[in-house]
Amino acid sequence: MKLPTVQFTKEQERFREEVRAFLQDELSKGTFQTKCDSWLSGCDANFSKLVAEKGWIGMTWPKKYGGGERSSIDRYILTEEFLAFGAPVAAHWFADRQTGPLLLRFGTEEQRNFFLPKIVKGECFFAIGLSEPNSGSDLASVKTRAEKVEGGWVVNGAKTWSSNAQHAHYMVTLVRTEPVSEKKHSGLSQLIIDLNSEGVTISPIRYLTGEHHFNDVFFDNVFVPDEMVVGTLGNGWAQGLAELAYERSGPERILSTFPLLNEAIEELKRQNNLEGLAEASKLVAELWSLRNLSIGVAKVLEEGGEVMVPAALVKSIGTKFEQKVPEVVRLLMDVYPQLQAEQKMNRFLAESILHAPGFTIRGGTSEVLYGIIAKGVIAG
């Protein structure tokens with residue numbers, strides 16, 4: 001499919017300057033410390049509250065739920081600036097990025113009225129329950145079961161790689177509500193599970209850095225009321241795929257290591273290292289192309305179009321690029337990577353090197369995405 005070319009308006013450029021000024025001000029106050037991969041590793045509920053006060057959570061959602069009814073391009077600009085600054089947005093990230101749009105499309109009016117205003121105020125955080133232990137990238141091999149009881153469902157099973165579940169209030173969870181059949185994608189449903197419920201256990205999976213972002217989440221006879229079913233019973237797979245389009249196409253799939261690239265370029269300028277700048281400029285050119293692709297997907301999403309294939313393309317190419325940045329910078333710069341270093345360059349390089357192996361895995365492995373792209377090309 002051909003993606004649209006997006007030109008920012010003067011109003012949108014002014015909005016970018018507004019966001020940039022806010023972040024610069026908060027950074028100078030010491031409200032947060034810039035870091036790479038901040039949309040996953042920078043979880044700060046107080047900062048999310050500040051963002052909410054600006055009206056920048058759920059900014060594309062209807063006003064009747066607390067949203068701002070702004071464009072997806074406005075939200076894209078906001079997201080770019082957050083990531084470029086390495087701001088700690090992880091607390092509200094998943095609810096803003098995909099849970100809200102999921103409920104707007106498939107949720108009940110009761111669910112929208114209950115959850116969306118809380119998300120917009122920065123008072124309600126969500127985790128995502130898709131992957132399971134021992135399943136690899138086969139999301140459809142769901143073993144977590146929900147059995148019908150009076151007034152709701154009893155859930156037993158486990159999810160893994162659930163980002164920031166230790167800080168979240170709820171989890172949108174893919175469960176099997178019907179017996180396994182020859183079509184393993186059928187019989188799946190989505191439930192909103194209160195993570196403070198009796199029977200929920202959250203166990204950390206630590207990064208190579210020692211940081212705690214990922215989790216195993218275990219469900220032992222957890223009761224979920226009927227009103228927490230999202231959409232249609234048995235339609236969980238299709239709903240989950242729609243949700244993944246939001247997860248895979250955003251600028252976070254190309255900008256996780258941007259603070260490192262930016263700092264490297266500034267240092268090369270200070271050194272007047274023209275040869276190094278020539279190499280770094282190749283990364284900038286690649287980033288610009290990926291950015292245009294990602295913005296085009298955002299525009300199609302805004303218009304209600306189908307973006308599964310281009311979203312997979314953004315994610316697969318973008319995360320390879322993110323992995324390339326620390327490798328190129330490592331070879332260009334005479335820098336010792338160190339997580340606790342005062343120098344941003346040393347710290348950013350250490351963070352990026354240790355986070356990089358996960359870039360092409362989280363949100364769908366590259367191999368799975370290649371299959372989606374191939375099928376789309378054949379079908380097209």
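Guide: Start with strand S2 (residues 145-149) and strand S3 (residues 152-159), which run antiparallel and are joined by five bridges. The model is a predicted one. Within this pair, Arg-145 has Asn-156 of S3 as its bridge partner. Two residues lie between the strands of the S2 and S3 hairpin, where Gly-151 has a positive phi near 85 degrees.

Next comes strand S4 (residues 170-176), which is antiparallel to S5 and linked to S5 by seven bridges. One of the pairings sets Met-171 against Ile-193 in S5. Strand S5 covers residues 188-194, and six of its seven residues are buried, so S5 is largely enclosed by the rest of the structure. Buried here means under 20% relative accessible area.

S5 also pairs with strand S8 (residues 229-230), again in the antiparallel sense, through two bridges. There, Gln-190 has Val-230 of S8 as its bridge partner.

Now the helix residue. Glu-81 belongs to helix H4 (residues 72-85). Its relative accessibility is 4%, so Glu-81 counts as buried. Leaving aside residues up to four places away in sequence, Glu-81 touches Arg-16, Val-19, Arg-20 and Leu-23.

Key. Residues numbered from 1 in each chain as written. Predicted model: local features only at pLDDT ≥ 70, side-chain atom pairs only at ≥ 80, totals over all residues. Heavy atoms only, no water. Buried < 20%, exposed > 50% of the residue type's maximum accessible area, 1.4 Å probe, protein only. Helix = DSSP H or I, 4+ residues; strand = E, 2+ residues; numbered from the N terminus. Pairing = 2+ DSSP bridges. Contact = heavy atoms within 4.5 Å.
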